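Subject: Structure handover

Hello,

Here is the structure I said I would pass on. Please open it next to this email and follow the notes below.

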Amino acid sequence: MDLWSEPSEYNDTDTFASVDTRMTDFVRNLGLEHFSFLFLRGPDHCEKAVETTFRTSYPEEWTTRYASHKYWNLDPVADLGRRAIRPFFWGQGAFLRDFAKSQRLVFDEARVFDIKYGMTIPVRGARGELSVFNVVSSNKAHLQDALRGAHSRIYAAAYDTHEIALDEVLARQNREREGIGLSPREKECLSWTLEGKTAGEIATILGISVSTVNQHASSASNKLGSLNKHHAAVQALRLNLIH
């Protein structure tokens, strides 16, 4: 069957909040144990997308540990997912051979929760985003048996989940942008900062004092929750608050 004619596991009214339930039911109907989904890179470099799109049916203890330690920075599956073009199988043994010890330790911890084997589908989008969708089993032979004849359904589920997650991330960005009110001066200071101008140069351009420039930049940084004015300028650009 053509992938694009495969019926969706979601309803037209489903939102990102329904992913856990829908995909848990989906993998169990296939005879598998777990699914997981995560944006490894958000659209337009949205940093929050990585932490806010993690969805899975893994045991809560492992999910909490994985998220709190940001294991997506170490996880061999995430590592390969960033580089892979095609879907791939993973598991204990030979798969781990080329990864660092710190990365293999993530698998050692996951094994305690019977998370041992899986198949990953990397999905790349037009806005630069990248996600990984995993189906998981504690038994390699059982995983292969369950996947036989189900590949098109799993691919469709991966792409549908990616699309729903993307809609959620973009909607959240819009809500954040609408809730952030930068003054005209704050926008000007950030725009010139983005151009590489110093506070002194911006002060000359705008005809105000250096301390006033720094005050506007600091205020904008606080509103955006940024680390400094340079970070604020980049965030404001990504939120389309400046051009």
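**Notes on the chain**

L170 lies in helix 7 (helices are DSSP runs of H or I with at least four residues, strands are DSSP runs of E with at least two, and both are numbered from the N terminus). The model is a predicted one, in which local features need pLDDT of at least 70 and side-chain atom pairs count only at pLDDT 80 or more, while totals for chains, interfaces and linings use all residues. Residues are numbered from 1 along each chain as its sequence is written, and side-chain values use heavy atoms, with hydrogens and water left out.

L170 has a relative accessible area of 19%, so it is buried (buried means under 20% relative accessible area, exposed means over 50%, and partly exposed is in between, with a 1.4 Å probe and protein chains only). Leaving aside neighbours within four places in sequence, L170 is in contact with P43 and R127 (contact means heavy atoms within 4.5 Å). From L170 to E109 the C-alpha distance is 33 Å, and the two are 61 residues apart in sequence.

**The chain as a whole**

The chain holds 11 helices and 5 strands. Its C-alpha trace spans about 70 × 45 × 30 Å along the principal axes. Of its 243 residues, 46% count as buried. Take the contacts between residues at least 6 apart in sequence: 61% of them join residues at least 24 apart.

S18 is placed in the segment before helix 1. With a relative accessible area of 15%, S18 is buried. S18 and T161 are 143 residues apart in sequence, and their C-alpha atoms are 10.0 Å apart in space.

Which residues of helix 1 are buried? In this helix, which covers residues 19-29, they are V19, M23, T24, F26 and V27. Seen down the axis of helix 1, these buried residues fall within an arc of 160°, so they line one face of the helix (the arc is that of the directions from the helix axis to the C-beta atoms). T21, R28 and N29, on the other side of helix 1, are exposed. The buried residues of helix 1 pack against helix 7 and against strand 1 (34-41), strand 2 (55-56) and strand 5 (130-137). Just after helix 1, G31 has a positive phi of about 90°.

**Two loop residues with positive phi**

K70 is not a glycine, yet its phi is positive, at about 50°. K70 is in the loop between helix 3 (60-68) and helix 4 (76-83). Its relative accessibility is 37%, so K70 counts as partly exposed.

D114 is also a residue other than glycine with a positive phi, near 65°. D114 sits in the loop between helix 5 (101-111) and strand 4 (117-124). At 39% relative accessibility, D114 counts as partly exposed.

G181 is found in the loop between helix 7 (151-179) and helix 8. Is G181 buried or exposed? G181 is exposed, because its relative accessible area is 51%. Apart from neighbours within four places in sequence, G181 is in contact with E186 and K223.

Helix 8 (residues 184-194) packs with helix 9 (residues 199-206) at an angle of about 130°, and their axes are 10 Å apart (axes are lines fitted to C-alpha atoms, for helices over the stretch in contact, and angles run from 0 to 180 degrees between N-to-C directions). That makes helix 8 oblique to helix 9 (angles under 35 degrees count as roughly parallel, over 145 as roughly antiparallel, 65 to 115 as roughly perpendicular and the rest as oblique). From helix 8, R185, E188, C189, W192 and T193 meet I202, I205 and L206 of helix 9.

The axes of helix 8 and helix 10 (residues 210-224) come within 9 Å and cross at roughly 95°. The two helices are therefore roughly perpendicular to each other. Helix 8 contributes R185, E186, C189 and L190 to this contact, and helix 10 contributes V213, H216, S219, A220, K223 and L224.

Regards
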